[in-house]
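Here's a quick briefing to read with the model open beside you.

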Amino acid sequence: MAFDLEVLADEKSAARRGAELIAAAGAAAVAERGAFSLAMSGGRTPWAMLAMLGEDDSMPWEQTELFQVDERIASPGSEDRNLTHMVLGLSMDHQSTLRPMPVTQRDPEAAAGNYESMLPAPLDCVHLGLGPDGHTASLVPGDQVLEVTDRRVAITETAYQDHYRMTLTYPALAEARQIVWLVTGPKKREALAKLLAEDSSVPAGKVRNGAMTVVADEAAAPSR
């Protein structure tokens, strides 16, 4: 399985390229199927990319449903919630596209099942990030969520960075029509090398999909 690797000069350029790829995927999906399903990961890296997408005239916002790849189980409005930052990054005109993970429901497992029932099969495009420890989405090292094969959405069995998480699973990522990875910063260099090598010692290295593009800045890119 080969990755398309694009290396840009800096974080801003990488974010812009990621936005371009997602907008192009959206235009193609609308042309072919009349709608675009996009799932975005949390973390700081995609914030600029999301803002750029909001200003991109080629992004088909009116036909888009914006899902979450993962979310921390935390109270509404918490700074720890990915949704909090997604809302801040979107204009009021685009917030109606959001399909938040229902992490405040009393029964997290049932909530995960409810979210799975909302997901298109397959998602048109999934944005993934990469942690220095090689995690992606909330597929975190050592958690039993890595072994889930019968569900597209699951709850982590242990707290990671102080929070349990709801996350898309490997099956959901494998069936997506396209995955766009955005990886920036020198702390990600080792993890990115493992991802590109499909190193199964890190969670990201176990993602399997036939259409994956990795957009990285020079700081994160392995030496060539």
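The largest cavity holds about 70 Å³ of space. Keep in mind that this is a predicted model. The count comes to one cavity of 30 Å³ or more.

**The cavity**
- Its lining is made up of Met40, Ser41, Gly42, Gly43, Pro46, Trp47, Leu50, Asn82, His85 and Met86.
- Sorted by class, that lining has five nonpolar residues, five polar ones and no charged ones.

**Helix α1**
- Helix α1 covers residues 11-33, so at 1.5 Å a residue its 23 residues should span 33 Å; the C-alpha atoms at its ends are 32 Å apart, which agrees.
- Among its buried residues are Ala14, Ala15, Gly18, Leu21, Ile22 and Gly26.
- The buried residues of α1 pack against the strands β1 (4-8), β2 (36-40), β6 (125-128), β9 (179-183) and β10 (212-217), and also against α2 (47-54).

**Ala74**
- You'll find Ala74 in the loop between β4 (70-72) and α3 (82-89).
- Ala74 has a relative accessible area of 12%, so it counts as buried, the cut-off being under 20%.
- Setting aside neighbours within four places in sequence, Ala74 is in contact with Arg81, Val103, Thr104 and His163.
- Ala74 and Ala191 sit 117 residues apart in sequence, and their C-alpha atoms are 27 Å apart in space.

Definitions and conventions: Residues are numbered from 1 along each chain as its sequence is written. This is a predicted model: local features need pLDDT of at least 70, side-chain atom pairs count only at pLDDT 80 or more; totals for chains, interfaces and linings use all residues. Side-chain values use heavy atoms; hydrogens and water are left out. Helices (H or I, at least four residues) and strands (E, at least two) are DSSP runs, numbered from the N terminus. The expected span of a helix is 1.5 Å times one less than its number of residues. Buried means under 20% relative accessible area, exposed over 50%, partly exposed in between (1.4 Å probe, protein chains only). Contact means heavy atoms within 4.5 Å. On a 1 Å grid over the protein atoms alone, a cavity is a set of points where a 1.4 Å probe fits but cannot get out, and a pocket is an open set with protein on both sides within 12 Å along at least five of seven lines; lining residues have an atom within 4 Å of a point. Grid points are joined across faces, edges and corners, and a volume is the space filled by probe spheres set on the points. Ala, Val, Leu, Ile, Met, Phe, Trp, Tyr, Cys and Pro count as nonpolar, Asp, Glu, Lys and Arg as charged, and the others, Gly among them, as polar.
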